[in-house]
Amino acid sequence: MNHTSLIRPLGSIESRMAVMHELAGNTQTTSVVDLDVMLDQARLKIAVDLWLQTFEILSSRLVTTKSSFELHKTHHEAESIFSKITLSDNYDLSHATTVCLNSLLLANKALVAVVLLEDAKKQCSHIALTFHHSIVDGLSIATLVESLLGYYQTGVNSLARNKQTVAPALEQFLSLQEKGVTEKKLLKTVTNETSIASKETPDDLPVELIVPQWKVEESVEISRRSSAYLETCFDHQTMLQLKVVSKELNSTLNTLLTYAFCRAIAELQQRNSISCLTAVSLRNRVQAGINDDVIGCYIKVLPHTVSVSTSLNLFIDSYQQKLSSSAQQLTSVQDDISLALLRQRAKSLQRIKAFSHDVAMTNHGQLNLMQDYENFSIVGYRNLANRNGGNFAIALHIASLDHQMSCAFTYSIPLLNTQTAEKIQVLFEQNIKRILSKKHGVKYEKAI
């Protein structure tokens with residue numbers, strides 16, 4: 001490998017994700033954009049070429065050394081990362097999306113894949129974008145989607161914008177700033193997107209002291225697992241109603257969704273407390289904010305326990321309390337851990353008997369994907385992640401457009417079967433209805 005091709009080493013958070021990916025694909029993410037027309041394949045390939053020229057990080061690959069992962073320059077043309085799937089009655093959008101979700105990126109060759117999903121019967125198209133999760137988070141995915149669709153609209157006369165260079169690792173941003181962020185500022189920004197909630201009770205133990213209680217339904221090696229998903233969509237009217245309720249309760253939409261999801265898990269498991277991993281974007285949470293159009297991994301994963309044995313009102317109060325106690329953890333610089341140790345820990349996921357955490361949750365927030373395109377409109381969007389590592393039972397990815405909100409549940413079969421996931425989805429939807437009805441029944445208000 002020519003040394004001049006080196007862009008930069010991965011940071012510690014990115015390296016953790018890269019170790020998981022080389023084991024299982026567990027940290028690649030797939031975003032699917034639904035369009036109301038059939039796209040022209042040749043025109044889309046031109047757009048992909050311009051897209052690759054614009055963002056340097058899309059034409060990069062991972063190189064593994066003895067002690068680290070490195071991001072290196074390479075060269076991609078649309079043909080090398082582009083493919084097409086034709087949808088039919090026997091091979092629908094859900095099936096095709098699952099295939100994309102489980103098609104492992106070869107990180108030593110490419111960190112992105114683009115799949116055009118064509119539905120001739122319905123005369124519409126979908127674009128599935130799969131990214132290596134160590135280099136991208138929610139807001140930058142939206143930036144990439146906007147750029148690709150913009151190039152498609154302008155067509156063959158487009159000129160690639162100035163090349164967007166790869167930004168520094170998160171740790172480099174944090175090390176250049178004061179470690180502390182005032183709790184007031186952090187609370188104001190974090191509550192809009194994250195799902196950190198717990199009441200300080202005797203059973204609210206540190207996550208590392210919690211003994212896993214949720215046993216896998218069938219333990220198999222990672223190579224025999226497959227990621228699956230279910231989706232609940234809420235229309236614009238329901239989104240508005242939820243926002244009104246959250247305002248009345250002096251809370252946030254995300255807090256309500258967190259309660260509905262965690263309560264569903266607790267009801268199924270018949271437990272008052274569950275353990276949660278929450279992805280928190282730090283783009284707006286450090287003193288010198290990271291711009292949304294800077295492509296890279298600027299998230300931290302916060303482990304915490306959630307108590308849902310109380311009413312919604314009490315849950316909301318405890319949410320702020322937990323945020324305050326976790327504030328410093330979000331902006332601290334993590335110590336480096338050797339790749340050997342990370343790989344040793346990852347191997348333990350091959351034969352798990354119980355999930356180390358119950359749930360994971362990511363809220364991508366309101367995505368600005370509703371530009372006025374001349375020839376097409378975006379009618380849907382969802383974000384999913386490969387979950388074959390199985391270190392938690394089920395994950396919820398939330399992504400909102402102006403007219404709808406997608407709540408996608410991802411899990412790994414056969415560690416968790418679809419029937420169990422469907423029960424969780426039903427309980428989640430019932431909890432949302434209860435919140436909107438404002439008639440919280442006895443079972444809903446009291447401890448499980």
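A: Helices (H or I, at least four residues) and strands (E, at least two) are DSSP runs, numbered from the N terminus. The model is predicted: local features need pLDDT of at least 70, side-chain atom pairs count only at pLDDT 80 or more, and totals for chains, interfaces and linings use all residues. Residues are numbered from 1 along each chain as its sequence is written, and side-chain values use heavy atoms, leaving out hydrogens and water.

His 132 has a relative accessible area of 1%, so it counts as buried (under 20%; exposed is over 50%, partly exposed in between, with a 1.4 Å probe and protein chains only). Beyond its neighbours within four places in sequence, His 132 is in contact (heavy atoms within 4.5 Å) with Ala 18, His 21, Thr 27, Leu 62, Leu 105, Ala 107 and Leu 111.

Strand E3 (residues 60-64) and E4 run antiparallel and are joined by 5 bridges; two strands pair if DSSP finds at least two bridges between them. A hairpin of 4 residues links E3 to E4.

As for confidence, pLDDT is the predictor's confidence in each residue, from 0 to 100. The protein chain averages 83, and 86% of the residues score at least 70. Over residues 440-448 the pLDDT is below 50. Where pLDDT is low, the predicted coordinates should not be read in detail.
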